[in-house]
Amino acid sequence: MSNHLPNEARVITLRPHGARPAGAPPRQAPPAPAAKEPLWRDLVGDVLRRERLAQERTLKDVAEEARISMPYLSEVERGRKEASSEVLAAAAHALGLNLGDLLTRAQGELTRVTSRYAGAGRRGASTSSHDGMCLAA
């Protein structure tokens, strides 16, 4: 009979940690992850939150004026919800903006954020300030 407990696991080392089989090629460092472009919902949420905080208003105040629930507005601001254009327009109006203002600010943020890593990988990049996205409000 064995003298170890039935629910006790035994580990049998087959080769030392980090050892490679004979003739195996040396390990290479994993490639660096590519920079990810931000999601539209994150950008729009950031704009809404910044504007609300700049006006020193609470989530509750803006949600009530926009006639949307406070938890939902919070989720939109944090980029957790993909809000409809009606919800975005209501939130923007509650902050004294129109939908076009909100989208223009989000597009500007997208341009600013992506310009940090987009230059090297683009062929024939245009110098136009309107390159890349068209918004219709």
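How many helices and how many strands does the secondary structure of the protein chain come to? Colour the chain by secondary structure and the count is five helices and zero strands, where helices (H or I, at least four residues) and strands (E, at least two) are DSSP runs numbered from the N terminus. Read from the N terminus on, the elements run α-α-α-α-α.

Before selecting anything, note that this is a predicted model, in which local features need pLDDT of at least 70 and side-chain atom pairs count only at pLDDT 80 or more, while totals for chains, interfaces and linings use all residues. Residues are numbered from 1 along each chain as its sequence is written, and side-chain values use heavy atoms, with hydrogens and water left out.

**The whole chain**

With the whole chain displayed, colour by relative accessible area: buried residues make up 26% of the 137 residues, with buried meaning under 20% relative accessible area, exposed over 50%, and partly exposed in between (1.4 Å probe, protein chains only).

**Helix H1**

Select residues 40–54, which form helix H1. This helix has 15 residues and reaches 21 Å from its first C-alpha to its last, close to the 21 Å expected at 1.5 Å a residue, the expected span being 1.5 Å times one less than the number of residues. Within H1, the buried residues are Leu43, Val44, Gly45, Val47, Leu48, Glu51 and Arg52.

Stay in H1 and pick Glu51, a charged residue by class (Asp, Glu, Lys and Arg count as charged; Ala, Val, Leu, Ile, Met, Phe, Trp, Tyr, Cys and Pro as nonpolar; and the others, Gly among them, as polar). Glu51 counts as buried because its relative accessible area is 17%. Leaving aside neighbours within four places in sequence, Glu51 is in contact with Leu95, Leu97 and Arg105.

**Across to Arg105**

Which side chain makes a polar contact with the side chain of Glu51? Select Arg105, whose side chain makes that contact at 2.7 Å; a polar contact is a pair of N or O atoms within 3.5 Å, where within protein one must be able to donate a hydrogen and the other to accept it, and residues adjacent in sequence count only if both atoms are side-chain atoms. Arg105 sits in helix H5 (residues 99–118) and, at 38% relative accessibility, counts as partly exposed. Not counting residues up to four places away in sequence, Arg105 touches Val47, Glu51 and Leu97. Draw a distance from Arg105 to Val47, C-alpha to C-alpha, and the value is 6.8 Å for two residues that are 58 apart in sequence.

**Helix H3 and its partners**

Now show H1 and H3 together: they pack at an angle of about 115°, with their axes 7 Å apart, axes being lines fitted to C-alpha atoms, for helices over the stretch in contact, and angles running from 0 to 180 degrees between N-to-C directions. On the H1 side, select Arg41, Gly45, Asp46, Leu48, Arg49 and Arg52, which meet Ser74, Val76 and Glu77 in H3. By class, this contact has two nonpolar, two polar and five charged residues.

Leu59, Lys60, Val62 and Ala63 of H2 make the contact with Met70, Leu73, Ser74 and Glu77 of H3. Those residues divide into five nonpolar, one polar and two charged.

Where does Glu56 lie? Centre on the loop between H1 and H2 to find Glu56, which has a positive phi of about 55° although it is not a glycine, and which counts as exposed at 74% relative accessibility. Move on to the loop between H2 and H3 for Arg67, where phi is near 65°, again a positive value in a residue other than glycine, and where the relative accessibility of 76% counts as exposed.

In the loop between H3 and H4, select Arg80, which is exposed, with a relative accessible area of 56%. The C-alpha atoms of Arg80 and Gly45 are separated by 8.8 Å, and the two residues are 35 apart along the chain.

Finish at helix H4 (residues 85–94), where Val87, Leu88, Ala89, Ala91, Ala92 and Ala94 are buried. After H4 comes Gly96, with a positive phi near 80°.

Key: Contact = heavy atoms within 4.5 Å.
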